[in-house]
Amino acid sequence: MPLSKRFTLTRYLIEERRRFPSATGDFNALILDAALACKAIARAVAFGELGGVLGNHDADVGGCVNVQGETQKKLDVLSNEYFVRLNQWGGHLAGMASEEMDLPCQIPAQQPRGNYLLVFDPLDGSSNIDVNVSVGSIFSIVRAPHEVVDSGRDVIEADFLQPGAAQVAAGYALYGPTTMLVLSVGNGVAGFTLDPMLGEFMLTHPNLQVPADTQEFAINASNSRFWERPVKRYVDECLAGKTGPRGKDFNMRWIASMVAEAHRILMRGGVFLYPRDSKEPSKPGRLRLLYEANPVGFIMEQAGGRASTGYEPMLGVQPTSLHQRIGLIFGSRNEVERIERYHAEPVSTEPSNPLFVERSLFRN
Ligand code: F6P
Ligand code: MN
């Protein structure tokens with residue numbers, strides 16, 4: 001398609017919002033600011049070592065372990081800065097929260113405050129940066145409580161503790177062979193590819209849909225001894241392939257970059273599991289509810305897929321803290337529903353499927 005016929009992200013937003021007369025220009029401007037942060041990060045990622053951005057963040061300039069107890073990379077810190085700086089002045093936000101920041105981030109006193117809260121993981125999969133494998137950014141937008149908007153007060157943790165179903169928009173940018181922005185403003189999911197010469201996100205993937213069925217799953221199998229029984233059963237059955245109860249072979253992928261896995265699943269189906277496990281009893285799951293599970297859950301559901309904890313729909317979970325972790329399963333609807341059925345079945349003391357447990361690669 002010639003460039004002149006393509007929609008830019010700006011045009012897409014304007015045309016989308018015309019269908020919602022109550023929407024204000026504020027919301028579009030907010031998405032464009034978030035997209036600008038993603039473009040700035042894409043540029044930093046593209047320059048890599050040439051830009052001096054690889055490696056760990058220097059402890060001398062502000063510490064190097066984030067609130068999650070993870071070593072911060074230089075690009076984690078830079079990406080967080082881009083998100084904060086490029087979104088704090090527009091007047092659309094009442095506050096922000098980031099995976100990289102212990103406390104909610106306030107809009108500076110001299111800047112106007114707005115109606116929305118922006119929550120983000122500025123650089124997801126950052127362990128992949130130094131080996132030049134895809135990373136991404138992921139963000140979620142909810143309305144600020146009325147009382148915050150009316151009073152203009154500083155935001156507190158409780159303001160952000162809204163279930164995923166309250167999101168008005170969510171998106172991610174994937175810094176892969178091309179940079180893409182995938183976005184839902186609550187009316188389906190659209191994908192945009194960054195034209196690096198124009199510096200514009202162009203609509204290339206309208207109306208993305210996750211295939212309902214799949215023969216591909218993604219899980220970090222090194223954790224298998226910590227998995228709960230329904231997850232073990234599901235993976236064992238996939239591994240048994242044609243000779244097992246599923247009657248078909250499965251393929252496995254693990255990029256260790258959730259945004260990249262979400263994108264693969266959006267493009268060709270699949271199921272992703274980072275389930276609740278017993279590895280660290282203080283952490284019921286690896287991924288974060290507000291920064292990762294909710295936005296990816298919103299995008300999956302908007303694309304006809306499904307997101308769950310295994311026990312309940314992800315978007316219904318009432319958050320209890322800003323940095324809360326949770327078991328996350330998402331992707332092709334029929335597969336996620338199957339995993340939910342396994343979680344709902346009464347626990348038996350027998351191995352789930354003796355025939356396959358004996359042959360399982362991941363047997364305890
Ligand atoms: O943000 C956490 C994250 O990097 C995800 O992007 C990814 O899915 C996961 O952690 C990888 O975890 P692990 O190191 O256990 O494979
Ligand atoms: Mn992450």
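## Reading a ligand site and a domain interface

Student: Which residues are closest to ligand 1?

Tutor: The closest are D124, W254, M258, Y274 and E292, among 13 residues that surround ligand 1. A residue counts as near a molecule if one of its heavy atoms lies within 4 Å of it. Keep in mind that this is a predicted model, where local features need pLDDT of at least 70, side-chain atom pairs count only at pLDDT 80 or more, and totals for chains, interfaces and linings use all residues. Residues are numbered from 1 along each chain as its sequence is written, chains are lettered from A and ligands numbered from 1 in the order in which they are written, and side-chain values use heavy atoms, with hydrogens and water left out.

Student: What lies 3.0 Å from an oxygen atom of ligand 1?

Tutor: Here we look for polar contacts: pairs of N or O atoms within 3.5 Å; within protein, one must be able to donate a hydrogen and the other to accept it, and residues adjacent in sequence count only if both atoms are side-chain atoms. In this model, a polar side-chain atom of N220 lies 3.0 Å from a ligand 1 oxygen. R286 also places a polar side-chain atom 3.2 Å from an oxygen atom of the ligand, while M258 uses a polar backbone atom, at 2.7 Å.

Student: Which domains does the assignment give?

Tutor: Domain bounds come from an automatic or database domain assignment. For this protein they are domain 1 (3-205) and domain 2 (216-344), with C-alpha centres 24 Å apart.

Student: How many residues of each domain are in contact?

Tutor: Contact means heavy atoms within 4.5 Å. By that test, 48 residues of domain 1 touch 33 residues of domain 2. Between the two domains there are also 17 residue pairs in polar contact, both partners at pLDDT 80 or more.

Student: How many salt bridges cross the interface?

Tutor: A salt bridge is a side-chain nitrogen of Lys or Arg within 4 Å of a carboxyl oxygen of Asp or Glu. The rule finds one across the interface of domain 1 and domain 2. There is also a salt bridge between the side chains of R288 and E99, at 3.4 Å from N to O. The count by this rule is 20 salt bridges.

Student: Where do R85 and E81 sit?

Tutor: Helices are DSSP runs (H or I, at least four residues), numbered from the N terminus. R85 and E81 form a salt bridge, with their closest N and O atoms 3.6 Å apart. Because they are four residues apart in helix α3 (residues 74-87), about one helical turn separates them.

Terms used: Helix = DSSP H or I, 4+ residues; strand = E, 2+ residues; numbered from the N terminus.
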